[in-house]
Each structure stands twice: as C-alpha cells, then as structure tokens.
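Welcome! Here is a short briefing to read alongside the sequence and the 3D view.

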Amino acid sequence: MKIRILGWKYENIRRMGDVNVNLCKDNGEVHAVSLVMMPNGTGKTTTITLMRGVLSGKAINWDEKMVKSFSPKESDCKNGKFQLVVSFDNRINYYILHLDYEMGTASIQTSFPGGQGGLNDGWRTHSLLKGIMDNEEFVNRFLFDGEQARKTLSTGNEEAERAIIYLYQINKLDEMISEISDLIKFKQENSVGANTSRSIKVLRTKVEKREEKLKELQSDLYKYRKQLEEKRGKKDSYIIKYDKIIKEDEQFRVRKESFEDAWQKKQEELGQVIAKVLAASKRPYNIHLEFHRRLKELVSNMQVLRLPKSTAREFFRELAVGKECICKRCIGPEEKKAILDNAEKYLGQEELVALNAIKSSLREYELTEELKELLLRLDDLNVEIQELGLERNRIEAEVSINGSKEIIEIQSVISRLEQDVENLMIKINLLDTKDFILNTGLDRDTNIHLAKKSWEEANEAYLKASGTYEFTKKAETAQKYLNQIKSKALNKLKENIILKTNNKVSRIISNDEIVISKIDRHLVLKGREAVSEGQTLAIAYAYIGSLFEHSYFEFPFVVDSPAAAMDLNVRREVAEVIPRLFKQLIIFVTSGEVKGFAETFYEKEDVQYLTLKGEKNEAIECILGKDFFSQYQSEKEGA
C-alpha cells in the first residue's frame, strides 16, 4: 500500500493565520523530496505534533493545556483548525482537527472513500492500517525527530523492536494466541466433568490464585531487570565522568591506567586458569589418588577377564537366521530360539567399540600434578587481585582527599549504585533461579519456577475435573506453535534489518566503524556504549529506511531538523543516502542546515522547495521555489 502526504493547511494555530502547504505537482503526484524551510519559532515542532495527533487519532485525547497551547498569542480567536490530506493507494483522505480554545478540547473529522460522503465525525483510517496507524509510537517512526532517534538507541527502550512487530503485523499472532485463550476460557466455563460444580469452582479459584501469584512474580522480575539495566547505565555514566576528571590529573591518570592494565591482565589470566581447572576436573584421576587407584584396578580386571569379549551379539543374531550352524548342524526353531536367548549375554558391536575405547584410555592416561598446580595458581591470583583491589581503594582515597567536592560526590554515587546493582541481582536470582540446593527456603510464593510448577499442577487438576483437559492441551499446543512462529519470524526480520542497516550506516558514516550487533528491544551497538548525536541520527535514518524497505506499506518519511547536530561530511552523506530510503521525503530545515545538507539537493531532480517565512508579529506565508529558498538563506546569514 502506497501512503503519501499531499499537503496540509493551518487556520489560527499559533503564528499561522491561514497557510496552505501543497506537496503535489501539476499531475497530482507528490514530489520525491520536499524541503520545507522554517526558521526556529515558526512552527516546525508544532507541525510534526499536529501531524502525529491527526494520523494516530490521539489528538482527541489532548488535555486542556495542550489544546490551548496552539492558540495564537495576542488574539481572541476561539477556534483553530489543522487539515491534513493523505492518500492511500491514490484514494484521498481528509483529516480535519478542530481545536476549541475556549473549552480546551480537540475533535477530528474524516473524509474517506467508501464513507457516507462529506465529512464524518471521528477518526478513521484504512482498514488494513487498523492496529498500526492508531499506534502513536509507530506513527512517530515516520514522523521523526531527534528524540525518536535517541529512543532507537536508548537502553531500556523498546521502540526499535515494537516498530518491527507493528509494521510487519507480528502482533496479529499475539491476537490469535489471545483468541485461543478466550476459547479455552469459554470451553472451561461451559463444561462440567464428573465432579460437582462446587468442587470445580474450588479448583478454579486455586488455579486463579496460583496464576495471579505467578504473574506477580514475573512482573517483579521484569521490574527488577529494568531497574538493573537503568542502574548499570547510570553507574557507567558516572564512571565515565570519574575517569574524565582523573585523566585531567597527570599523576593519578598514570597510576590509574597502570592499575587498569594490571587489573585487566589478572582478570584475563583468572578466566584462563578457571577454564583449565574445569577441564582438568573432568579427569577424575587428577582429583584424588583413590580415583587413580580404582581406575587402574578396573583396567587390570578387564585384562584378566579379557573384556571386552571378541564375539559380539550381532554374530549370534546373524547365525540364528541361517539354515545351519558353523558346525554344519541344522538350525531348527528350537535351536534358533536358544541361540537368540543366549545372544543377550553378549555385548553389541557398539558396546564393544565403546569398551575398547575405555580400556585404551584407562591404560594410556598418565597421572599429573596439573590440577594441583592450577589450584595453587588460582589461590595466588585471588591474592593478587585482592591486592590490586586495595590499590584501587588507595587511589580512590587519595583522589577523595586531594580532589574536588565533585569527585567525592561521584564516588559516593558510584558506591551507592554498585550496592543497588548487587541488591537487584540478588532479588533477580532468587526469583529466577532453578538451583534450589544452593538457594534453600524458596517456595511457590518467592520463586517463578516453583510458582509455575504449582500453577501447572493446580491447572491440570482443574482441567481433568472439568472435562476439558484434552481440549486445553491441544489449544495450548497451538499457542506454543504460534509463539514459535512469532519468535522465528521476529528473529529473521531482525537479522535482515540489522544486515541492511549496517550496510547503510557504513555508507553514511564512512570515517568511523559503527556496527549494530543486535536488536534487543533497542539497537545495541557492537563494542560501544554511545555515539555522538549526529551519528545517532544517521543510525536511526538507516534503521528506519531498512525497516520500511520490504514492508507491504510504503510510508512517507517526515523529519524535523535532520542535520542540525551533524558535521558537514556526515550531512553530505545523509543527504545522498536518505532520498534512496524513502519514496516520499518531507524535510523541515532551518537556515543553519542548508550548508552541507539542503544545498546537496540543489542538483537533484524532483525536489520541491518551500519557505514558510514571517518576521516577528507578522503573519506566516508559504513561498514556493528554489531561488527564494536559497536567497532566504543568504539573507538570514547576512543578517
């Protein structure tokens, strides 16, 4: 489906008295690119906000303060209006937002093909876009600004993943799963097994209580994990601040770098030694001499008994199907049965091979002091790491004594955040652990896995009593398959989008290596905690372009001040790449974004130039044409 914005019109909205913006050519088609020059304070952000409210239908939920904020200053007008014209596969829709400044309310009227004719009260969209366009978070994906770009990379934000789910309608699978749940509930409520309705009610109440507790624990786990992510993010940011201050002091900088280098090397060696200890522990003769003695005794007994026997079970099974024995005697039914019965006393061919391998290994292994030496080194490493920890404490203590108040405060915050992280990890472990030997005292009210087991047992008893056990199990199997389809589809989409996004990012940001490693609710960068604001915008544009590339829906892309935070090189790259990502591009720019960005479009075809100008206390007017667009920039620079 091809979706295009044909234009919009303001009436009595802030500085806009009566302004019409038309994005169409004479033949009715839209321009591939529309550059809209709007100096700061003339209404770029206002326009984006109005478009979002109208396209998602969420403008009707604006509160009184929000609505009245659009009222023109020094004017007594009582109403304002914003009209947006949109085509869906060349079928034109009119959205009209009415703003009542006296009452502080907003309402929408829609004119759409197939309706009753004229304007209809209420918000409507194309039937295929229900559940997509009425999701404000999704609309923000193609009506874009810097804040949306930051959300794409923001830790703890789910914007990047949700966009995939709604655009490719993976959420429809969730709806099917939910419908199956409703069907299960209906079947259970309208079925009665052999037991009385009262006993079933008691069992049902038990199931509901166990399910409620399970959801409560799962909610706690999600909350704690989110808090942990936030605390770790804050701690990392304070550590960066701390390191920056330390680096300004040459003496402490050298000592800290030396410490960090030594700490890193010890940690790497510790990991290697632990891995070797685990590997050596898998050879029991290294753990205790008694194991060595018994293993050698075993191989000695195998040699005395001549194990494994050379004759395999398969020999007698083959012999039993023949007509005569190797001794030339005939094999009848009784002989055949006797041979097969006695064949079970012998080992199979695979078992013979395994025993031979065991015997060979037992005969050839050598007792070493490897594990003992590794454990001694492990003890030494722990002491050395503890000493390094004390050195770190000494450095930090000296920094506190000789440092500023800011350093002391940062150290205090880091210490507090470390304690918060530790406490949250303890809570998360108790909720999610399956190790009930080391974590004693857990029960169905404190641990998710025990709570789930308790719920499953209660639910099974209820299902059997209500006579819906088989039906429910089949329905749950269907839900399981749908969840697997959803997971695989989402993962495949993520892989494809990451690949395409990284290709685009490498073209846009050619002077730095930035790679997206995964989409885990948000975009996760490989080996980097953060990037500059300009790089954030570039990554977000590449991601959105890749996101929409193979979608059934072909959305326009509207962006507010896309290049303000970028250096000239990145501006030029973005200006070259971004038109290839979208079939309709509407870009709001300021005079400061012409150099390196807007001017790059001057040589391109099918570009429309619009300038909304108006000095302070003057009415805004819309002027069409590249000459005025570029001249207006020159005038503003010379002012």
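Let's start with a charge on a ring: Arg204 lies over the face of Tyr462, at 5.2 Å from the ring centre. Such a charge counts when NZ of Lys or CZ of Arg is within 6 Å of the ring centre and within 35 degrees of the ring normal. This is a predicted model, where local features need pLDDT of at least 70 and side-chain atom pairs count only at pLDDT 80 or more, while totals for chains, interfaces and linings use all residues. Residues are numbered from 1 along each chain as its sequence is written, and side-chain values use heavy atoms, leaving out hydrogens and water.

**Charge over a ring**
- The charged end of Lys187 sits over the ring of Phe471, 5.4 Å from its centre.

**Aromatic pairs**
- The whole structure holds 17 aromatic pairs (Phe, Tyr and Trp rings, the last by its six-membered ring, with centres within 6.5 Å; planes under 30 degrees apart are stacked, over 60 edge-to-face, the rest tilted).
- Tyr10 and Phe82 make a tilted pair, 5.7 Å centre to centre with 55° between the planes.
- Tyr10 lies in strand S1 and Phe82 in strand S4, so their pair ties together parts 72 residues apart in sequence (strands are DSSP runs of E, at least two residues, numbered from the N terminus).
- Tyr10 is buried at 1% relative accessibility (buried means under 20% relative accessible area, with a 1.4 Å probe and protein chains only; exposed is over 50%, partly exposed in between).
- Phe82 is also buried, at 0%.

**A ring cluster**
- Ring pairs link Phe138, Phe142, Phe548, Tyr552, Phe553 and Phe555 into a cluster.

Definitions and conventions: Helix = DSSP H or I, 4+ residues; strand = E, 2+ residues; numbered from the N terminus.
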